[in-house]
Amino acid sequence: MAQKLQRDANFNLQAFGQAGFDQMGASETVNSHNYIAITALEDSQIDATATEGDSVTNTTIPKGLTIFGRFTSVTCDSGKILVYREVL
């Protein structure tokens, strides 16, 4: 799949979350977009399926931490998170 960050404008849109985000609570799953970052609004346990690199299962991320990657599906097992959409 072609990378979409070839132009500075796309990189800046991606870096600042301009494609939007989904807020999720416990037991919610999103998989309708590709996602590029997950931020914990409170201590949270998540599962995330990565398109490249390792996927994570039952991983705890502390409040305020953001993890970056390219995810096709994210589940919030507990806590509250924001998942940022990939710029198209």
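Visitor: What makes a local feature or a side-chain pair count here, and how are residues numbered?

Guide: This is a predicted model, in which local features need pLDDT of at least 70 and side-chain atom pairs count only at pLDDT 80 or more, while totals for chains, interfaces and linings use all residues. Residues are numbered from 1 along each chain as its sequence is written, and side-chain values use heavy atoms, with hydrogens and water left out.

Visitor: What makes up the secondary structure of the protein chain?

Guide: Helices (H or I, at least four residues) and strands (E, at least two) are DSSP runs, numbered from the N terminus. On that basis the protein chain has one helix and seven strands, and along the sequence they follow the pattern α-β-β-β-β-β-β-β.

Visitor: Why is D22 called buried?

Guide: Buried means under 20% relative accessible area, exposed means over 50%, and partly exposed lies in between, with a 1.4 Å probe and protein chains only. D22 has a relative accessible area of 16%, and is therefore buried. This residue lies in strand β1. Across the protein chain, buried residues make up 35% of the 88 residues.

Visitor: How do you know that the side chain of D22 makes a polar contact, and with which side chain?

Guide: A polar contact is a pair of N or O atoms within 3.5 Å; within protein, one must be able to donate a hydrogen and the other to accept it, and residues adjacent in sequence count only if both atoms are side-chain atoms. The side chains of D22 and R85 make such a contact at 2.7 Å. R85 is also among the residues that D22 touches (contact meaning heavy atoms within 4.5 Å), and others on that list, which leaves out residues up to four places away in sequence, include V30, H33 and Y35.

Visitor: Why is the pair of F21 and Y84 called tilted?

Guide: Rings of Phe, Tyr and Trp (its six-membered ring) pair if their centres lie within 6.5 Å, and planes under 30 degrees apart count as stacked, over 60 as edge-to-face and the rest as tilted. By this rule the count comes to one aromatic pair. F21 and Y84 form that pair, at 5.9 Å centre to centre and with 55 degrees between the planes, and the result is tilted. F21 lies in strand β1 (residues 21–24) and Y84 in strand β7, so the pair ties together parts that are 63 residues apart in sequence.

Visitor: Are the two members of the pair, F21 and Y84, buried, exposed or partly exposed?

Guide: F21, at 43% relative accessibility, counts as partly exposed, and Y84, with a relative accessible area of 22%, is likewise partly exposed. Strand β7, where Y84 lies, covers residues 81–85.

Visitor: How do you know that β1 and β7 are joined?

Guide: Two strands pair if DSSP finds at least two bridges between them. Four bridges join β1 to β7, which run antiparallel, and one of the residues with a bridge partner in β7 is M24, whose partner is I81. Strands β3 and β7 are also antiparallel, joined by five bridges, and here A40 stands opposite I81.

Visitor: What makes a set of residues a nonpolar core, and which members of the largest one touch the most others?

Guide: A nonpolar core is a set of buried Ala, Val, Leu, Ile, Met, Phe, Trp, Tyr and Cys residues joined through side-chain atoms within 4.5 Å. The largest has 14 residues, of which M24, I38, F71, V74, I81 and V83 touch the most other members. At least two residues of this core come from each of β3 (35–40), β4 (44–50), β6 (66–78) and β7.

Visitor: Why is S44 called buried, and what does its side chain reach?

Guide: At 1% relative accessibility, S44 is under the cut-off and so counts as buried. The side chain of S44 reaches the backbone oxygen of E42 at 2.6 Å and the backbone nitrogen of K80 at 3.1 Å. S44 itself lies in strand β4.

Visitor: Why is S27 called exposed?

Guide: S27 has a relative accessible area of 65%, and is therefore exposed. Its place is in the loop between β1 and β2 (28–30), and S27 has a positive phi of about 70 degrees although it is not a glycine.
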